[in-house]
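Student: Please take a close look at a single part of this model and walk me through its surroundings in one connected account.

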Amino acid sequence: MKIDVLTLFPSMFTSVLDESIIGRAKDNDIVDINYIDIRSFSNNKHKKVDDYPYGGGPGMVMKPEPIYRAIQSVKEDNSRVIYLSPKGKVFNQGLANDFSKEEHLIFLCGHYEGIDNRIIDDYVTDIISIGDYVLTGGEIPAMAVIDSVVRLIPGVLKSEESFKDESHYNGLLEAPQYTRPREFKGNKVPDILLSGNHKKINEWRKNESLKLTYKNRPDLLEKINLSEKEKNIIKNNE
Ligand SMILES: C[S@@+](CC[C@H](N)C(=O)[O-])C[C@H]1O[C@@H](n2cnc3c(N)ncnc32)[C@H](O)[C@@H]1O
């Protein structure tokens with residue numbers, strides 16, 4: 001997969017995406033990530049990329065011409081152009097899965113009050129929000145989306161099983177996890193996890209996953225078809 005990030009702050013990305021699992025995916029040529037400075041596409045002698053909003057109001061708006069040229073410099077026929085914005089569709093695991101199957105993603109990061117809407121109307125294929133709050137720029141949202149997408153590309157995680165058991169993969173939250181020591185500050189790891197009985201461990205995990213989802217994110221349960229057995233597990237826990 002190829003990813004091009006259009007941003008006014010390319011240096012924000014390297015310390016995050018060059019590390020750990022995503023850094024390894026880059027080193028192993030599973031993903032090619034480039035950071036493109038929108039400012040370098042400004043024809044203004046001061047490299048200005050923003051201007052006052054028409055109609056008045058606070059702040060500045062990113063001008064269309066440098067963004068247009070930046071998009072054109074990388075766009076291919078199969079590119080998906082993703083603008084990060086609090087006005088977009090809220091990102092989730094389903095969208096991460098969808099993006100992970102693409103060959104080329106372009107992430108457009110806004111700053112200040114955002115970007116001229118004509119770019120969104122004519123050149124953006126997806127508007128994506130990472131939640132109902134406002135950040136200073138699209139850089140942190142782009143990093144969050146890239147991280148969640150790249151880890152789903154085959155070969156990035158050691159085993160596909162790693163994400164199949166994770167929260168949101170099947171619509172539920174993951175069961176609690178424990179590691180050594182067996183006892184920490186008087187709290188013991190549940191006996192079942194030390195039993196070696198994998199059938200029983202899987203059953204316990206499934207039950208805990210249902211209970212945790214009911215407790216923390218009951219909205220998720222409304223989106224999946226629960227069996228009678230699963231409904232009873234939740235009911236017995238009420
Ligand atoms: C200060 S925000 C602009 C907010 C805009 N004036 C509004 O009210 O919708 C600047 C930039 O940060 C990014 N941004 C802020 N919050 C975001 C969110 N929740 N999800 C994705 N991008 C966000 C967008 O790229 C946006 O253009």
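Tutor: Leaving aside neighbours within four places in sequence, arginine 80 is in contact with Asp98, Phe99, Glu102, His104, Leu105, Ile106, Thr125 and Asp126, where contact means heavy atoms within 4.5 Å. This is a predicted model, in which local features need pLDDT of at least 70 and side-chain atom pairs count only at pLDDT 80 or more, while totals for chains, interfaces and linings use all residues. Residues are numbered from 1 along each chain as its sequence is written, and side-chain values use heavy atoms, with hydrogens and water left out.

Arginine 80 is found in strand 5, which covers residues 80-90 (strands are DSSP runs of E with at least two residues, numbered from the N terminus). Because its relative accessibility is 15%, arginine 80 counts as buried (under 20% relative accessible area, with a 1.4 Å probe and protein chains only). Two of the listed partners are also reached through polar contacts: the side chain of arginine 80 is joined to that of aspartate 98 at 3.2 Å, and to that of glutamate 102 at 2.7 Å (a pair of N or O atoms within 3.5 Å, one able to donate a hydrogen and the other to accept it; residues adjacent in sequence count only if both atoms are side-chain atoms).

Methods. Helix = DSSP H or I, 4+ residues; strand = E, 2+ residues; numbered from the N terminus. Buried < 20%, exposed > 50% of the residue type's maximum accessible area, 1.4 Å probe, protein only.
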